[in-house]
Amino acid sequence: MTVLRSEWLKIHSVRSYRLAIAVAFGGILLGLGLAQMAAEMYESASPAQQARASLAELEEVVLMVPQLSLGILGVLVMTSEYTTGLIRTSLTVVPRRWPMLAGKAAVVGVIGLVTGPAVVFGTHVTCRWVIGDRFSGLYQTAFADKLPLLVALSLTVPAFALLGLGMGAILRSAAGAIALLVGLLYVIPMIVDKFPSPWSEWLGSVMFGALPRQISGDLTTPGVYGTSLPPPVAAGLLACYAVLPVLAGAWLLRRRDA
Amino acid sequence: MVRCGEATPCRTLNRVIELKYLTKRYGATLAVDDLSFTVRPGRVTGFLGPNGAGKSTTMRLILGLAAPTSGEVLVNGRRYASFPRPMREVGALLDANAVHVGRSAYNHLLCLARTNGIGPRRVTAVLHHVGLSDVARKNVGGFSLGMKQRLGIAAALLGDPGVLIFDEPVNGLDPDGIRWIRDLMRSLAAQGRTILLSSHLMSEMALTADSIVMLGRGKLVAEATIEELTARYPSLEDAYLALTASSVQYGAGGPGR
Ligand SMILES: Nc1ncnc2c1ncn2[C@@H]1O[C@H](COP(=O)(O)OP(=O)(O)OP(=O)(O)O)[C@@H](O)[C@H]1O
Ligand SMILES: [Mg+2]
């Protein structure tokens, strides 16, 4: 508990960390901007074009903002301990070591758990309001029908933030951990998509970005990702993405000299 | 163990650091080589040795930051990692530059204090004690080396510990700062605390320390009081140069000088 309060203060007391959290919330503004652009384009199109017009779900588009900013926050919260040299002081005052990482995980996880739903649901409400009945009523479906997807999208934010923390704990270097994080989110899915047939579908299903749609069972716009996992398996895999790197980081933290 | 308030120094029965056959190997180098000595309370123990002799490594081993290859080190009779509230037992300054430049001095100390259940009042008190009250809310990125040394000492004092470890705290300090550290070390020792202090400044160490532990290439070269050394040699510096002559690794003229 005392360690938790310390780790919260560590994040709260540094402006660049507060900025990363603010940027994550900025995803709602991006959603508003995109929704307004889409609505204007729709209005200036002919009725025939309007009938055929489609729109990607903006919650999913906007999601990369909180994902990346909190993922990078997760990385930096751990790697800055090493770049500043503070790690030695931090481990001297918490010699069992794992409580420090657990404290960071709790704080980063909670920040993600607040930010993720705020951005996803905030964007959803904004889109309902701005898009209205345009795009064949994309944003007029019953809220309850959309709820599973919105919840699943929200949960990827804390998961990604924890993934960043775990990568930071394992690699101890911000450059390496951020590169791996971005690679995992954007580069590897594109490579996997080019794999021969059964492989691309199977690997495409276990990619991080493929999980929210498989968790919710809302597979309307599959994109580059596969869709072969049942919801409970996809949910379990998302938890693995979040938890396993942190556990590996904790194990290494206890073993390695500081 | 006796627990007491923040104002009075703790009266623990066994404020000692005991090294027993301590060895730390990094690849081919033996940073600490079969080292045994005891640091006792009520005096300042100077920790001397050429660059790379293993002083900082020994301190990291004492604090459980590095795991010994063999042997063990006990603080107050226990392994450091076994203390639930280590700041109340041991305070350490290893590297004054190890701070987050974007955090204020007050918040830096409060982050450390909270892990050991120490409150903000104590943080304010130690900031006052080291003379940083006026800059408590300023980011440490703007601090001079001397101010960072003071901040590091404040961190070490937070838990009012009976054992204190300082790695080159006078490095880069002006004469005022050096004098301040000397007086602080002497008063902490006079309160009955155990002080382990490393430095390369021999004349300063001669004024500050009561006894000396000297290392060369990870091995114990000498363990004596200042009086014993200055009785046998013209000065502490002469004692140091004579005793470490065979173990200087990075001196002018190269190894094996
Ligand atoms: N993490 C490490 N990995 C590999 N070698 C190390 C590590 N830490 C220390 N060493 C080696 O151990 C030896 C002792 O280093 P240490 O820093 O303890 O010396 P020191 O007495 O503190 O020197 P100085 O007076 O320069 O501070 C050196 O040869 C150093 O290169
Ligand atoms: Mg050193």
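Reader: Why is the meeting of Asp257(A) and Lys24(B) called a salt bridge?

Author: In this predicted model, the side chains of Asp257(A) and Lys24(B) come to 2.6 Å, N to O. The criterion asks for a side-chain nitrogen of Lys or Arg within 4 Å of a carboxyl oxygen of Asp or Glu, so the pair qualifies. The count between chain A and chain B is 1 salt bridge.

Reader: Which helices supply the side of chain A that touches chain B, and what kinds of residue make up that side?

Author: Helix 1 (2–12), helix 6 (64–84) and helix 7 (86–93) of chain A each provide at least two residues of that side. Its residues comprise 10 nonpolar, 8 polar and 7 charged.

Reader: How do you know how much area chain A and chain B bury between them?

Author: The size of an interface is often given as the accessible area lost when the parts come together. For chain A and chain B the value is about 2300 Å², with 59% of it on carbon and sulfur atoms. To the contact, chain A contributes 25 residues and chain B 29 residues. Across the interface, 12 residue pairs are in polar contact.

Reader: Which residues make the nonpolar surface patch, and which helix gives the most to it?

Author: The patch, of about 600 Å², is made by Val187(A), Ile188(A), Ile191(A), Phe195(A), Trp199(A) and Trp202(A). Helix 11 of chain A gives the most, with 3 residues, and Ile191(A) lies in that helix. Helix 11 (174–193) and helix 12 (197–206) of chain A each supply at least two residues.

Methods
Residues numbered from 1 in each chain as written. Chains lettered and ligands numbered in written order. Predicted model: local features only at pLDDT ≥ 70, side-chain atom pairs only at ≥ 80, totals over all residues. Heavy atoms only, no water. Contact = heavy atoms within 4.5 Å. Buried area = accessible area lost by both parts, 1.4 Å probe. Polar contact = N/O pair within 3.5 Å; in protein donor to acceptor, adjacent residues only side chain to side chain. Helix = DSSP H or I, 4+ residues; strand = E, 2+ residues; numbered from the N terminus. Nonpolar A, V, L, I, M, F, W, Y, C, P; charged D, E, K, R; others polar. Patch = residues over 30% accessible without salt bridge, like charges linked within 9 Å, V, L, I, M, F, W, Y side chains within 5 Å. Areas by Shrake-Rupley, 256 points an atom, 1.4 Å probe, with all protein chains shown as cover.
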